[in-house]
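The sequence and the structure come first, and a description follows.

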Amino acid sequence: VTEPDLRGRHVVISAGGTREPLDPVRFLGNRSSGKQGYALARTAAARGARVTLIAANAALPDPAGVDVVPVGTAVQLREEVLRAAADADAVVMAAAVADFRPAAYAAGKIKKQDGREPEPVALVRNPDILAEISAGRPRPGQVVVGFAAETDDVLANGRAKLKRKGCDLLVVNEVGEHRTFGSEENEAVVLGADGSETPVAHGPKEALADTVWDLVAARLE
Ligand code: PMT
């Protein structure tokens with residue numbers, strides 16, 4: 001039986017991966033399926049929360065009773081997360097957000113030129129949504145949770161990222177071409193700004209999600 005310990009709370013979750021368009025047919029993207037973020041949304045709803053799920057390019061069914069807001073790019077994701085975060089008790093950034101986007105968007109499909117080498121793709125920085133929300137706290141007492149997708153030196157990189165981003169909790173998970181992305185399972189260590197470390201054994205993404213909500217609920221009391 002799930003305790004309704006998030007009843008009366010509004011939580012905002014981002015899920016999926018942003019796509020940064022180069023032209024009308026191509027984009028820079030990543031391997032996020034949205035499954036971890038959707039598991040967070042389902043478990044929060046089961047615990048009684050009002051849930052806003054900002055979903056970037058996730059081909060998954062809308063969880064029952066959850067307000068789903070579809071987005072494409074990091075800039076759109078930022079706009080919708082900030083809008084929803086204004087009255088949120090907790091914000092959880094599980095989306096894989098592109099750090100960079102193409103500097104230019106070609107209105108027509110980029111063509112290959114006979115005998116010519118391709119032009120390099122110039123990139124510009126995207127806004128860091130997690131750092132912005134952590135610094136600004138749109139609502140006082142709001143709990144902010146980030147994820148860290150790492151391929152190497154997972155814990156050391158996670159600790160540095162927690163400091164840099166300024167969030168309360170950071171879920172550190174290892175990713176690879178065939179690891180975590182798209183899978184039904186995950187394993188992680190949840191780092192707290194208070195120095196706490198909560199390991200979560202390999203298991204369904206819902207189990208990791210429930211541990212995140214346990215830690216969030218404790219900080220909301
Ligand atoms: O979707 P699945 O297939 O289930 O896979 C789950 C997952 C691996 C995508 C997920 O568990 C995960 O790790 N999500 C975070 C991916 C990510 O962008 O990690 P990062 O280390 O690059 O970013 C750190 C944090 O900053 C994240 O909370 C991210 O949402 C946030 N961020 C990053 C860049 C940016 N410009 N703005 C941000 O807010």
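## Lysine 109

In this predicted model, K109 lies in the loop that connects strand 7 (100-102) with strand 8 (123-125). K109 is exposed, because 10 other C-beta atoms are found within 10 Å, and the limit for an exposed residue is 12 or fewer. Leaving aside residues up to four places away in sequence, K109 touches D23, P24 and V25.

## Isoleucine 129

I129 belongs to helix 3, which covers residues 129-136. I129 has 26 other C-beta atoms within 10 Å and is therefore buried, the threshold being 20 or more. Its contacts, not counting residues up to four places away in sequence, are L77, R78, V81, M93 and V97.

## Surroundings of the ligand

The ligand is surrounded by 26 residues, of which S33, K35, M93, I129 and L130 are the closest. Two or more residues of this shell come from each of helix 1 (35-46), helix 3 and strand 9 (143-150). Strand 9 gives the most, with four residues.

Sorted by class, the shell around the ligand holds 13 nonpolar, nine polar and four charged residues.

Terms used: Residues are numbered from 1 along each chain as its sequence is written. This is a predicted model: local features need pLDDT of at least 70, side-chain atom pairs count only at pLDDT 80 or more; totals for chains, interfaces and linings use all residues. Two residues are in contact if their C-beta atoms, placed from the backbone, lie within 7 Å. A residue is near a molecule or strand if its C-beta atom, placed from the backbone, lies within 6 Å of it. Ala, Val, Leu, Ile, Met, Phe, Trp, Tyr, Cys and Pro count as nonpolar, Asp, Glu, Lys and Arg as charged, and the others, Gly among them, as polar.
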